[in-house]
Amino acid sequence: MSARIGVITFPGTLDDGDAARAVRYADAEAVPLWHADENLHDVDAVVVPGGFSYGDYLRAGVIARFAPVMTPVIEAARAGMPVLGICNGFQILCEAGLLPGAMIRNQGLHFICRDQWLRVENTDTAWTTRYEQGAEILIPMKNIDGCYMAEQSTLDELEAEGRVVFRYVGGNPNGSRNDIAGIRSENGRVVGLMPHPEHAIDALTGPSDDGLGMFYSAVDALIKA
């Protein structure tokens with residue numbers, strides 16, 4: 001039986017279709033989860049995809065954090081379920097308190113859309129075991145509120161505990177502190193990043209297939225569980 005990975009759709013979500021496709025590329029079953037769902041339909045992991053949930057009103061991710069589906073997501077994540085937040089999904093996980101820090105407007109105040117090199121800093125998470133430490137991967141990014149910020153004490157803790165998962169290479173595109181592109185929870189089961197691995201699963205349609213390793217990693221973690 002294949003792993004069941006839920007993909008959430010909020011009003012304004014853009015990338016749920018591509019996230020589901022990435023799940024299927026990793027030989028798992030993509031299970032659609034609606035923002036109003038009050039349970040997770042027996043999924044084994046969850047992807048919170050990118051877009052502009054609820055139009056990014058008030059602040060990116062802040063309304064989605066209170067959607068009914070997030071209650072079981074938060075409970076399951078705290079119990080050890082693998083959860084991946086991509087772009088707006090990363091913002092939502094920060095707003096939900098599953099990851100520390102916050103996203104603010106890009107340093108240059110512009111929407112950024114480009115292929116971005118990342119360095120894999122941590123392979124000891126549910127979403128990165130298929131990578132080698134220090135590997136550089138090419139992943140598309142597209143955001144305007146992608147500047148990762150946190151108090152210095154939080155940054156120091158993330159660095160000391162090896163919780164920075166991805167770091168920008170070749171220049172910081174948005175002013176994120178410490179060139180941070182993605183981080184993990186204390187137990188390594190929850191990961192958030194601003195670039196879009198679901199857009200890099202096939203060299204025919206993306207700049208690389210480097211993003212596919214995240215989805216294969218999750219399947220591996222579920223098989224071992």
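**View 1. Across the whole structure, a search turns up 10 salt bridges.** A salt bridge here is a side-chain nitrogen of Lys or Arg within 4 Å of a carboxyl oxygen of Asp or Glu. Side chains of opposite charge can pair when their charged atoms come close. Before zooming in, a word on what you're looking at: this is a predicted model, where local features need pLDDT of at least 70 and side-chain atom pairs count only at pLDDT 80 or more, while totals for chains, interfaces and linings use all residues. Residues are numbered from 1 along each chain as its sequence is written, and side-chain values use heavy atoms, with hydrogens and water left out.

**View 2. Asp-15 and Lys-142 join their side chains in a salt bridge, 3.0 Å from N to O.** Asp-15 sits in the loop between strand 1 (4-9) and helix 1 (16-25), and Lys-142 in strand 7 (residues 136-143), so the pair ties together parts that are 127 residues apart in sequence. Helices (H or I, at least four residues) and strands (E, at least two) are DSSP runs, numbered from the N terminus. Asp-15 is buried, at 5% relative accessibility, whereas Lys-142 is partly exposed, at 24%. Those words have cut-offs: buried is under 20% relative accessible area, exposed is over 50%, and partly exposed is in between (1.4 Å probe, protein chains only).

**View 3. Arg-130 pairs up with Asp-220 in a salt bridge, with the closest N and O atoms 2.6 Å apart.** Look for Arg-130 in the loop between strand 6 (112-120) and strand 7, and for Asp-220 in helix 5; the pair therefore ties together parts that are 90 residues apart in sequence. Arg-130 is partly exposed at 45% relative accessibility, while Asp-220 counts as buried at 18%.

**View 4. Glu-161 and Arg-163 make another salt bridge, their closest N and O atoms lying 3.4 Å apart.** Glu-161 is partly exposed, with a relative accessible area of 40%, but Arg-163 is buried at 4%. Elsewhere, salt bridges link Arg-119, Glu-121, Glu-159 and Arg-167 into a network.

**View 5. Here are the residues that UniProt, in an unreviewed entry, lists as "active site": Cys-87, His-196 and Glu-198.** They are spread over 112 residues of sequence, yet they cluster in space, with a largest C-alpha distance of 10.9 Å. UniProt positions follow the numbering used here, feature names are shortened, and annotations may be inferred rather than shown by experiment.

**View 6. The side chains of His-196 and Glu-198 make a polar contact at 2.7 Å.** A polar contact is a pair of N or O atoms within 3.5 Å; within protein, one must be able to donate a hydrogen and the other to accept it, and residues adjacent in sequence count only if both atoms are side-chain atoms. His-196 belongs to the loop between strand 11 (190-193) and helix 5 (212-224), and Glu-198 is in the loop between strand 11 and helix 5 too. His-196 is buried at 1% relative accessible area, and Glu-198 is buried, also at 1%. Not counting residues up to four places away in sequence, His-196 touches several residues, including Asp-15, Cys-87 and Lys-142. A contact means heavy atoms within 4.5 Å.

**View 7. In the largest nonpolar core, with its 73 residues, Val-46 and Phe-166 have the most contacts inside the core.** Helix 5 gives the most to this core, 7 residues. A nonpolar core is a set of buried Ala, Val, Leu, Ile, Met, Phe, Trp, Tyr and Cys residues joined through side-chain atoms within 4.5 Å.
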